[in-house]
Amino acid sequence: MVTLQKVHGSENSFFLLDETQLTQPLTKTQLATLTQRLTNRHTGLLGGADGVLAITDAPGTAGKMTVVNTDGSFAKLCGNGLRTVARYLSEKTGQTSFRVHTDFADLAVAKQPALAVGVPAYSAEISPVSFAPQALPFANLGTDRIVDTVLPAIHPHLKFTAVAVPNPHLVAFVSKEELAGPDLEQIGKRLNGKNPYFPEGVNVTFAEILGQDTLFARTYERGVGFTNACGTGMSATTLAFILTHPNQAALDRVNTVYNPGGMVKTIVHRDDGRYWIELIGNATVTATITLPEAALVDVNLQQAVIKSTGEQAAYERFVAALPHRALADTLTEGV
Ligand SMILES: N[C@@H](CCC[C@H](N)C(=O)O)C(=O)O
């Protein structure tokens with residue numbers, strides 16, 4: 001039998017599959033097909049999800065995380081997902097501070113004090129960071145660095161920052177009306193379809209500045225669409241905040257980033273000229289799903305036995321007490 005977990009970080013939801021339980025790891029095609037079926041918002045399990053996080057062995061680290069978006073595409077990193085993988089591997093190995101292998105780097109993760117009773121929290125390193133056009137990639141925008149830059153090809157007046165952390169993000173600071181308005185979806189859809197600017201697509205985040213070190217972020221995710229939260233997006237947005245609003249944010253300071261699914265803390269560091277971001281937030285397990293290995297490989301989900309963990313109630317109590325819920329509630333996606 002194989003047991004998966006349904007997990008979330010700020011309601012950015014995933015199925016977590018520890019492939020070391022399998023007699024042999026899934027191929028990329030099998031993983032993509034499983035993800036598309038399992039995470040479908042209408043026909044998948046438990047209301048679907050934003051993606052699948054697959055764990056395999058990786059020498060010198062606690063494990064390797066592979067991120068598959070709901071459309072079956074593979075992502076370079078997932079910040080909210082990495083926290084849930086950190087929790088899984090921490091509970092599996094007994095370690096509280098260790099590294100997880102990802103496509104670009106072995107990233108540091110650690111157990112943190114709970115956000116509230118029944119709301120476990122973990123931190124994850126988000127890196128490497130690059131503004132280079134080839135790292136995102138982007139082209140045909142008349143510039144080779146996008147930091148607080150109007151891009152008339154994309155929007156008539158918004159100022160954008162484009163940064164790979166290492167997955168690609170495009171960030172704009174907007175008003176409350178723009179945050180809830182139609183532009184984010186239009187830009188997100190356009191830049192994630194065939195387009196000459198971001199040929200591999202890009203995660204697009206609109207953020208409202210709420211005050212010193214405080215943001216509300218909403219993301220249209222590559223390979224997903226609107227999500228309740230994007231961890232790498234909130235990390236990229238905090239870096240953009242520091243670069244573009246130095247009177248309201250700074251390196252090595254704790255930021256609070258609210259999002260439709262809850263909140264995270266972010267801290268941007270610069271060591272030896274390189275930026276990296278600490279992302280701290282919940283790592284919640286809402287259910288376990290057990291099925292025979294053959295049923296998983298054949299994506300025969302009817303054989304799945306689902307058990308709720310009961311953790312979601314504590315998470316919902318925590319979120320209900322947060323500020324800015326009226327705005328968040330209008331923007332929340334399925335979990
Ligand atoms: N939600 C994630 C980011 C997932 C990856 C993204 N869809 C991509 O393709 O880059 C996060 O929490 O960071």
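This report walks through the domains, the ligand shell, some individual residues and the core of a predicted model.

## Before you start

Residue numbers start from 1 along each chain, following the sequence as written. Because this is a predicted model, local features need pLDDT of at least 70 and side-chain atom pairs count only at pLDDT 80 or more, while totals for chains, interfaces and linings use all residues.

## Two domains

Let's begin with the overall layout. The chain is divided into domain 1 (2-107 + 284-331) and domain 2 (149-281), with bounds that come from an automatic or database domain assignment. Taken over C-alpha atoms, the centres of the two domains are separated by 23 Å.

Where they meet, 25 residues of domain 1 are in contact with 25 residues of domain 2; contact means that the C-beta atoms of two residues, placed from the backbone, lie within 7 Å. On the side of domain 1 that touches domain 2, α2 and α8 (325-331) each supply at least two residues, and the largest share, four residues, comes from α8. Helix and strand names like these follow DSSP runs (H or I of at least four residues for helices, E of at least two for strands), numbered from the N terminus. That side of domain 1 has nine nonpolar, eleven polar and five charged residues. Here Ala, Val, Leu, Ile, Met, Phe, Trp, Tyr, Cys and Pro count as nonpolar, Asp, Glu, Lys and Arg as charged, and the others, Gly among them, as polar.

## Around the ligand

The ligand is surrounded by 18 residues, and the closest are Ala 75, Asn 80, Asn 167, Gly 231 and Thr 232. A residue belongs here if its C-beta atom, placed from the backbone, lies within 6 Å of the molecule. Two or more shell residues come from each of β4 (64-69), α2 (79-93) and α5 (231-244), with α2 giving the largest share, three residues. By type, the shell has five nonpolar, eleven polar and two charged residues. Both domain 1 and domain 2 give residues to this shell, so the ligand lies between them.

The unreviewed UniProt entry has a "binding site" annotation that covers, among others, Asn 69, Asn 80, Asn 167, Glu 221, Gly 231 and Thr 232; such annotations may be inferred rather than shown by experiment.

## A closer look at some residues

Asn 69 is found in strand β4 and is buried, with 22 other C-beta atoms within 10 Å. A residue counts as buried with 20 or more such atoms within 10 Å, exposed with 12 or fewer, and partly exposed in between. Leaving out residues up to four places away in sequence, Asn 69 touches Gly 51, Ala 75, Arg 222, Gly 223 and Val 224.

Glu 221, in strand β13 (residues 214-221), is buried too, with 28 other C-beta atoms within 10 Å. In helix α5 sits Ala 236, buried with 32 other C-beta atoms within 10 Å. By contrast, Thr 143 lies in the loop between β8 (119-126) and β9 (149-150) and counts as exposed, with 11 C-beta neighbours inside 10 Å.

## The nonpolar core

The largest nonpolar core has 86 residues; Leu 16, Val 52, Leu 53, Leu 82, Val 85, Ala 86 and Val 100 touch the most other members. Such a core is a set of buried Ala, Val, Leu, Ile, Met, Phe, Trp, Tyr and Cys residues joined through C-beta atoms within 7 Å. Its largest share, six residues, comes from α5. Domain 1 and domain 2 both give residues to this core, so it lies between them.
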